Structure formats: C-alpha cells, structure tokens
Amino acid sequence: MSDNLRGILLMCLAMLSFVVNDSFMKALTQDLPLFQVITLRGLGASAALLALGYWREGHFRLWPKGKDRAMLILRTIAEVLATVTFLTALMHMPLATLSAIMQALPLAVTLAAAFLYRQAISAKIWAAIGAGLVGVLLIIKPGFEGFDRWSVLGLISVACVVLRDLSTRHVSEAMPSITVAVWASISVTFLGLLGGLLEGWHSVSIAQALMIFGATAALVVGYVSVVMVMRIGDVALVAPFRYTALLWALLFGWVFFGSLPDIYALLGAAIVVGSGVVTLRQAQKHKI
C-alpha cells in the first residue's frame with residue numbers, strides 16, 4: 001500500500017471517528033449536562049493520551065520552554081473555546097448542518113494565513129473563497145428562520161479553530177504532537193469540571209456510560225489518525241478527504257437523529273466542499 005493510499009484511508013478514519021464522537025456527544029447532551037459529559041469524556045481521553053505519549057515518546061516534557069510555551073497557551077485557549085462553542089451549538093443544531101458550517105475551515109485558515117503572513121493570494125483562491133462564503137450563507141441563511149444564535153456559535157467555533165491551527169504552526173518541531181494534545185485535553189476537562197460546579201451532575205446510566213466510552217475512544221482514534229496523516233502522503237492529495245466528515249454527518253444525522261439539512265444547506269455544503277478542494281490545491285501550489 002502506497003503512502004498516499006494509507007494517508008487517504010487514515011484521513012477517512014479520522015473524519016469518521018470525529019463524527020462518531022460528535023454523534024455520541026449530541027445524544028448524551030440531550031439528557032446529561034454538557035459540562036459533565038465534557039469532563040467524563042476528557043478524563044478518559046487525557047488518561048489515554050498520557051499513556052500513549054509515554055508509550056511512543058518515553059519520558060516527554062509536558063511544560064515547554066520559550067516561545068513554545070506562549071504558543072501552547074494560546075493554542076490551548078483556542079481549543080477550549082472551539083470545543084465549548086461547537087458542542088453548545090451541536091446540542092441545538094442538526095449534526096449535518098453544523099458539520100457543513102465547519103467545512104468552511106480550510107477556506108478560513110487559508111485566508112487568515114495569507115493575511116497574517118502577507119502572502120499574495122491568486123485570483124483562483126479569491127474566487128474559491130468567495131464561492132465558499134456564498135455556500136456558508138446558504139447553509140446559515142442569514143435573515144431567515146434558519147439563522148439563529150446557534151449558527152453564530154458554529155461560526156465562532158470555526159474562528160477559534162483557525163486561531164488554534166495558526167498558533168500550532170508556530171510550535172517548534174521539538175515539541176511532540178502528543179504534548180499538544182495532552183494539554184488541550186486536560187484544559188478542556190478542567191473547564192468541564194468548573195462548568196460542572198455550576199450545572200450540577202446527574203446520575204449516569206449504563207447505556208450513557210457506554211456512549212461516553214465510545215466518544216472517548218473515537219476522539220483518541222481520530223486524533224492519532226490525524227497525527228499519522230500529517231507524517232505520510234502528499235498533503236495536497238490527502239487533505240480534501242477531510243470532507244468525508246460531511247458525508248458521515250449526513251448519514252448519522254439521518255439514521256440516529258432523523259434530521260437532514262434542507263436543500264439550500266445541501267447546496268451550500270456542496271459549494272463549500274468544492275471551493276475548499278480548489279483552495280487547498282491552489283494554496284499547496286502557491287505554498288500558502
């Protein structure tokens with residue numbers, strides 16, 4: 001099996017894992033407080049990532065030095081905000097609709113990186129970003145009944161992920177990827193504990209405990225798969241397969257929650273995916 005094929009399969013596995021995690025979290029938060037679920041999932045994920053880190057890296061430094069420390073703090077704050085805004089929106093929105101909004105992420109990252117690093121953007125990329133914006137507007141339908149505060153939270157989550165990804169680019173290669181993940185997981189878990197003090201806790205049934213375990217396992221598999229993807233294969237070839245997340249979200253939303261986006265949201269999602277693929281390929285060509 002070639003590196004590119006392994007990379008494609010790993011990317012598809014990662015996207016499936018993240019959607020499985022999202023589906024479990026959406027189901028759990030219908031009956032359990034959000035911060036309680038975040039805490040319980042985070043405890044398992046943090047323990048698994050710490051064990052994985054020591055297994056893969058041996059003794060590794062959890063507290064970095066110099067510029068890496070500042071970048072790690074910024075990235076962790078962005079991760080926490082992205083998680084809370086995404087999961088809060090997910091509680092009140094169809095899974096596929098929120099997933100469609102999140103597919104604007106490659107467009108947003110490319111645009112933000114180009115401005116931040118003062119790189120020229122080709123006409124094709126500008127056209128693709130413009131088309132992607134039209135697609136996002138079709139999904140959230142501003143000025144119509146479909147647009148509400150939960151759609152805004154979805155867009156805020158995209159902005160937080162952009163900040164997270166750009167700050168990650170400034171972390172030196174000396175810091176193991178697992179260290180970054182451990183801090184993100186621990187920080188989100190700590191926030192869950194604080195929020196749980198305000199929300200209170202409910203008893204957890206066996207079925208809910210199994211779903212929490214499933215969400216934890218899916219989250220860890222998704223993270224490990226993404227890390228492996230970044231180390232093999234051609235990024236320009238593999239990256240567009242992140243859009244398989246939308247297909248899984250459509251399927252899971254229909255099967256498990258009985259919900260599907262309307263025709264405008266589906267059309268918008270198709271436009272966002274198409275413009276995202278074009279943007280990724282053009283950005284790779286122009287080294288943005």
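This is a predicted model: local features need pLDDT of at least 70, side-chain atom pairs count only at pLDDT 80 or more; totals for chains, interfaces and linings use all residues.

Residues are numbered from 1 along each chain as its sequence is written, and side-chain values use heavy atoms, with hydrogens and water left out.

Let's begin inside. The largest nonpolar core has 56 residues (a core being buried Ala, Val, Leu, Ile, Met, Phe, Trp, Tyr and Cys residues joined through side-chain atoms within 4.5 Å; buried is under 20% relative accessible area, exposed over 50%, partly exposed in between, with a 1.4 Å probe and protein chains only). Helix H1, residues 3-28, gives the largest share of this core, 8 residues (helices are DSSP runs of H or I, at least four residues, numbered from the N terminus). Ile38, Leu87 and Ile139 have the most contacts inside the core.

Leucine 197 is exposed, at 70% relative accessible area.

Finally, the charges: there are 3 salt bridges here (a side-chain nitrogen of Lys or Arg within 4 Å of a carboxyl oxygen of Asp or Glu). Arginine 75 pairs with glutamate 79, with 3.3 Å between the closest N and O atoms; both sit in helix H3 (residues 67-92), 4 residues apart, about one turn of the helix. Glutamate 79 also bridges to arginine 164 at 3.4 Å, N to O. That pair links distant parts of the chain, helix H3 and helix H7 (residues 149-168), 85 residues apart. Arginine 164 meets aspartate 165 too, at 3.1 Å, and shared partners join Arg75, Glu79, Arg164 and Asp165 into one network.

Technical notes:
Helices (H or I, at least four residues) and strands (E, at least two) are DSSP runs, numbered from the N terminus.
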